[in-house]
Amino acid sequence: MLVSYRRYFAVLAFLLLATPLVVGVIRPDSPSAILKEGRRLAAAPNAPASSDDWLALPGRIDAFLRDHFGLRQALIRAHKDLTKPLLGLGDDSVLIGRDGRMFYLAEETVRQSAGLVFRDRRAADATDLLASMNQALAARGIRFLVAPPPNDATIYQDDLPRWAQNPGKPTEYDLMMANLAANGVRAVDLRPPVKEARADGAVFYMHDTHWTARGALAGFNAIVEADSHPDWRIEPSSALGPLTIRKGGDLAHMFGVADSVTESVEDLNLPAGKKEPFSSDEASDYVETSDKPGPTIMILGDSFTFGYFAPMLLQHVGRVIWMNHRLCRFDWKAIDKFHPDEVWWMPNERFLVCAPGAWPVDFAEEKDEGRGRD
């Protein structure tokens with residue numbers, strides 16, 4: 001009786017062992033799963049050509065099989081869920097780098113900073129839009145500049161796994177700066193000043209996609225210098241508060257560890273103005289005013305500029321208009337509604353290119369009117 005049961009156990013054991021091998025051949029895991037572990041996929045071993053190759057062959061075969069057996073990621077996740085339930089909540093959009101620094105993998109962010117994503121056609125379309133905006137704003141006597149805040153992966157390359165570091169490849173940021181210069185659009189490259197500011201403190205949060213107040217200040221000072229407003233510069237020593245403990249972050253929340261990670265941060269310590277929302281959707285567009293006369297600056301940006309730039313600007317200007325760029329679908333009529341003196345285009349690096357087919361609302365009418373005048 002026992003012998004017959006052993007036959008079934010033997011068949012079951014064979015199926016358990018064979019299933020990963022079969023799945024590995026029929027439906028292997030994506031190579032990107034290995035890249036998220038901070039290393040490259042082991043290549044299939046070549047035929048040995050020397051005695052050293054024969055000695056190294058077993059190790060190469062072993063490495064290849066470890067990376068290519070079927071259900072690898074499912075088994076790793078099951079082991080993690082059983083041994084470390086907290087980490088089982090993790091999000092595949094988060095990459096853990098050196099010293100626990102978190103990076104955002106979604107929206108091609110890390111690959112973009114590494115020069116592995118190069119959407120030249122969409123970059124050309126975005127350049128055409130910005131050049132058209134520059135021309136339309138100049139006709140109104142409004143100054144225009146482009147200054148994209150960089151990705152954290154662009155600034156903290158040394159904290160990324162080796163596969164995600166840029167070995168010197170051109171990036172979409174490089175391409176956009178060159179395209180804008182060729183089209184006569186003023187653009188400020190914020191990468192060098194933000195990198196330089198690292199010497200004095202953290203310029204991006206450890207567990208969040210965003211730059212810190214120090215990083216934002218470095219970007220702001222670079223912009224006002226390039227914009228012929230050197231007197232608008234703000235020294236970090238006068239604007240940053242003492243170190244405080246910050247818990248969590250958007251990446252920590254995605255990864256499921258928001259309640260268990262902290263870091264020391266410097267908050268922006270500048271007085272705010274009077275803020276009034278003006279949009280009817282969830283983009284949180286607002287007008288913020290000071291109690292002093294001065295120019296009006298409009299920022300078309302995202303969460304990188306939402307909270308930091310108005311208090312910085314209001315030290316010297318009378319009014320700040322902040323609008324979400326809406327992936328290039330913002331309402332162009334806001335230009336005529338608020339009559340700003342300057343418009344700053346500031347979507348984060350990962351939003352350098354517009355959504356396919358995106359164009360500002362009612363800006364097509366502006367172009368048509370321009371053709372009619374010509």
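Predicted model: local features only at pLDDT ≥ 70, side-chain atom pairs only at ≥ 80, totals over all residues.

Q: Ok, what covers the buried residues of α8?
A: The cover includes α5 (109–113), α6 (120–139), β3 (143–146) and α9 (191–197). Helices (H or I, at least four residues) and strands (E, at least two) are DSSP runs, numbered from the N terminus.

Q: And which residues of α8 are buried?
A: In α8 (172–182) they are Glu172, Tyr173, Leu175, Met176, Met177, Asn179 and Leu180. Buried is under 20% relative accessible area, exposed over 50%, partly exposed in between (1.4 Å probe, protein chains only).

Q: What follows α8?
A: Gly184, with a positive phi near 70°.

Q: New topic: how many disulfides does the structure hold?
A: There is 1, taking a disulfide as a pair of cysteine sulfur atoms within 2.5 Å. Cys328 is joined to Cys354, S to S 2.0 Å. The pair links distant parts of the chain, 26 residues apart: Cys328 sits in the loop between β9 (319–324) and α15 (333–338), Cys354 in the loop between β10 (342–346) and α16 (363–373).

Q: Which hand does the link have?
A: Left-handed, with -70° about the S-S bond.

Q: Now the sheet. In what order do the strands run?
A: 6 strands form an open, mixed sheet, β3-β10-β8-β9-β7-β6. Strands pair if DSSP finds at least two bridges between them. β3 and β6 (274–277) are at the edges with a single partner strand each, so one side of each has no neighbour in the sheet.

Q: How many bridges join β8 to β9?
A: 6, and the two strands run parallel. Met298 stands opposite Ile321 in β9.

Q: Last one: which residues have the most contacts inside the largest nonpolar core?
A: Met133, Phe309 and Trp344, in a core of 85 residues. A nonpolar core is a set of buried Ala, Val, Leu, Ile, Met, Phe, Trp, Tyr and Cys residues joined through side-chain atoms within 4.5 Å. Apart from it lies another core of 8 residues, including Tyr104 and Val257.

Definitions and conventions. Residues numbered from 1 in each chain as written. Heavy atoms only, no water. Contact = heavy atoms within 4.5 Å.
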